[in-house]
Amino acid sequence: MNKDKKFVVVLKPNGRETFISLEEVGKTFEIDEMYKFCECRCIGIGHFGKDAVEALDRSLPLDLIDMFGYKTLKPCFIYDDEGLLVDNPQINYVGSMLYGGTICGNIVVACERIDDEGELNTFGFSYGEAKFMEWFCKMLNGMVIESGFELETPEPSMEFRSFDNLDEMINFVKEKENS
């Protein structure tokens, strides 16, 4: 396998089950690739919840830690930031388990690393890292199917409001901050 190739794990909801696939990405994981895999134009980047991090740590084989330097591997996920606003939102059960809360739509599991300029950036995994993350997600998927784990789709909590002038808007924001 070419050492320069990078991969992400794509999680697509399919009812209670999640379709899980490895996808090749460029050396740097560009925003257009994120949009493509999430099938949306508004993304967010999230981090694994405490329970998922602990399960991941317990699952890591020692040779993977030694071989890939896991301590520098910081898994994250890219998700559809408007996943709850679509008609008939689809819960991503595996993504929700990774996050520790309900997430809808496609999710891309990638990693954050320090780039050549010293900035934290989102990248694909090496093939070995990606295969491990794929296995971990499939293990969670099996747990969802076997356990009957259920989540309810929460209602979006977005409030739209119009203002007649800037002062009215500023007062509204101040009231919200103080409440």
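Visitor: How many aromatic pairs does a search of the whole structure find?

Guide: Welcome! The search finds five aromatic pairs, where rings of Phe, Tyr and Trp (its six-membered ring) pair if their centres lie within 6.5 Å. One aromatic cluster is formed by Phe 48, Phe 77, Tyr 79 and Tyr 99. Please keep in mind that this is a predicted model, in which local features need pLDDT of at least 70 and side-chain atom pairs count only at pLDDT 80 or more, while totals for chains, interfaces and linings use all residues. Residues are numbered from 1 along each chain as its sequence is written, and side-chain values use heavy atoms, with hydrogens and water left out.

Visitor: What makes Lys 12 and Glu 39 a salt bridge?

Guide: A salt bridge is a side-chain nitrogen of Lys or Arg within 4 Å of a carboxyl oxygen of Asp or Glu. In this pair the closest N and O atoms are 3.3 Å apart, so the contact qualifies. The pair links distant parts of the chain, 27 residues apart: Lys 12 sits in strand β1 (residues 6–14), and Glu 39 in the loop between α1 (31–38) and β3 (43–47). Helices (H or I, at least four residues) and strands (E, at least two) are DSSP runs, numbered from the N terminus.

Visitor: Why is Glu 39 called exposed?

Guide: Exposed means over 50% relative accessible area, buried under 20%, and partly exposed in between (1.4 Å probe, protein chains only). Glu 39 has 55% relative accessibility, so it counts as exposed.

Visitor: Which residues are linked in a network of salt bridges?

Guide: Lys 131, Glu 134 and Lys 138 are. Glu 134 meets Lys 131 at 2.9 Å, N to O, and Lys 138 at 3.6 Å. Glu 134 and Lys 131 are three residues apart in helix α5 (residues 127–147), and therefore separated by about one helical turn. Lys 138 and Glu 134, four residues apart in helix α5, are likewise separated by about one helical turn.

Visitor: Is Glu 134 buried or exposed?

Guide: Glu 134 counts as buried, because its relative accessibility is 9%. Lys 131, at 35%, counts as partly exposed, and so does Lys 138, at 44%.

Visitor: How do you know that the span of helix α6 agrees with what it should be?

Guide: The expected span is 1.5 Å times one less than the number of residues. The 13 residues of α6 (residues 166–178) should therefore span 18 Å, and the end C-alpha atoms are 19 Å apart, which agrees.

Terms used: Phe/Tyr/Trp six-rings, centres within 6.5 Å; stacked < 30°, edge-to-face > 60°.
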